[in-house]
Amino acid sequence: MAGGVVLSIGNLTTQYAWAFVGLSVTEVVSSSITVVIGTTLNYYLDDKINKAEILFPGVACFLIAVCLGSAVHASNAADNKAKLDSYSNESKDGIRANNITDSKQAYTKTVDVNDVEKGAASTEKAKFGTALFLIDLEKRRAIKIFGKSAIIGLALTFFAGVCFSLFSPAFNLATNDQWHTLKDGVPHLSVYTAFFYFSVSCFVVALILNLIFLYRPVLNAPKSSLKAYINDWNGRGWALLAGLLCGFGNGLQFMGGQAAGYAAADAVQALPLVSTFWGVILFGEYRRSSRKTYMLLVGMLFMFVAAVGILMASSGHRK
């Protein structure tokens, strides 16, 4: 149940981090932190059944990916600021963006584009990666990020990674009782029984936190209510699908961990390779960025792929 609690908090935190850091960097950095901390804990909890000479070089690759992910975010933030500053200086008529200053000042913009959330069509299609795209995105998102420090996004990402790093070791303890909390002769929890309690606690915590943030939102998000939440089903189908996929993936991870060691099962953290595809191809992240940003992004993904492969090669067999 403790594992379900930290997973729920981590999932909610990443949803705020996405607005600041983007899908690609958030997933790579949080997943890498998960492996660096969680895999090390699982290695010792599993009585070192994984090959240490292979496992820990893989963990080191994940740590490098974390550093590169932070550098990608910083470089991309600088690129976006340069785009907005240039657009502010060049804008004359029609679409205007005023008062674009450094991160210590608020961004105020007037965009001659109809609000997509109101169902109206845009008078001009903003291209991915342009200043107009960034401004239009800021208008439509609930969490406003212009003028906020980049450190907020990275802090949220690192906190999410710490939360994610604890749920797998907690599940490991639940199914294998390394701390000998059960009396002699009492059988350990099966993966399926433990997963049931894990899922219940995750659901309850998510319910409580979402109710709190509806009425007391953070990061200047709009205030809402339970009635408005129930009546608004826009995008709810995607959210339910995401929950089903997350639960299915967690179940397979735990089954694999029980068979081959939970440290090797953390190879499931390869998920950012998919999220990067979504972020770059479908959501337009890093479009029209600098060569430096692209080089850092490729380096981050390369280290991540290498780390996942090494982690899988370290798998052992539980006696």
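This is a predicted model: local features need pLDDT of at least 70, side-chain atom pairs count only at pLDDT 80 or more; totals for chains, interfaces and linings use all residues.
The overall fold was examined next. The secondary structure of the protein chain consists of 11 helices and 2 strands. Along the sequence these elements are arranged in the pattern α-α-α-β-β-α-α-α-α-α-α-α-α. The protein chain has 319 residues, of which 41% count as buried. Among contacts in the protein chain with a separation of 6 or more, 75% are accounted for by residues 24 or more positions apart.

The nonpolar interior was then considered. In soluble globular proteins, nonpolar side chains tend to be buried together. In the present model, the largest nonpolar core comprises 41 residues, and Phe62 and Val72 have the most contacts inside it. At least two residues of this core are supplied by each of helix H1 (2-21), helix H2 (23-45), helix H3 (52-90), helix H4 (131-140), helix H6 (191-215) and helix H11 (291-313). The largest share comes from H3, which contributes 9 residues. When neighbours within four places in sequence are set aside, the contacts of Val72 are Val25, Tyr286, Thr293, Leu296, Leu297 and Met300. Another core, of 13 residues, lies apart from the largest one, and its members include Phe167, Ala194, Cys202 and Tyr262.

The packing of H3 against H4 was examined separately. Two packed helices are described by the angle between their axes and the distance between the axes. The axes of H3 and H4 come within 9 Å of each other and cross at roughly 100 degrees. The two helices H3 and H4 are therefore roughly perpendicular, since angles of 65 to 115 degrees fall in that class. On the H3 side, the contact is made by Asn80, Lys83, Leu84 and Tyr87, and on the H4 side by Ala131, Leu132, Leu134 and Ile135. Classified by residue type, the contact of H3 with H4 has 6 nonpolar, 1 polar and 1 charged residues.

Two residues of helix H1 were inspected individually. Val6 is placed in helix H1 and is buried, its relative accessible area being 18%. Residues up to four places away in sequence being excluded, Val6 touches Cys163, Leu166 and Phe167. Phe167 is also among the residues of the 13-residue core. Val6 and Ser201 are separated by 195 residues in sequence, while their C-alpha atoms are 9.5 Å apart in space. Thr14 is likewise found in helix H1. With a relative accessibility of 4%, Thr14 counts as buried. Under the exclusion of residues up to four places away in sequence, Thr14 touches Thr26, Ala160 and Phe164.

How values were computed: Residues are numbered from 1 along each chain as its sequence is written. Side-chain values use heavy atoms; hydrogens and water are left out. A nonpolar core is a set of buried Ala, Val, Leu, Ile, Met, Phe, Trp, Tyr and Cys residues joined through side-chain atoms within 4.5 Å. Buried means under 20% relative accessible area, exposed over 50%, partly exposed in between (1.4 Å probe, protein chains only). Helices (H or I, at least four residues) and strands (E, at least two) are DSSP runs, numbered from the N terminus. Contact means heavy atoms within 4.5 Å. Axes are lines fitted to C-alpha atoms, for helices over the stretch in contact, and angles run from 0 to 180 degrees between N-to-C directions. Angles under 35 degrees count as roughly parallel, over 145 as roughly antiparallel, 65 to 115 as roughly perpendicular and the rest as oblique. Ala, Val, Leu, Ile, Met, Phe, Trp, Tyr, Cys and Pro count as nonpolar, Asp, Glu, Lys and Arg as charged, and the others, Gly among them, as polar.
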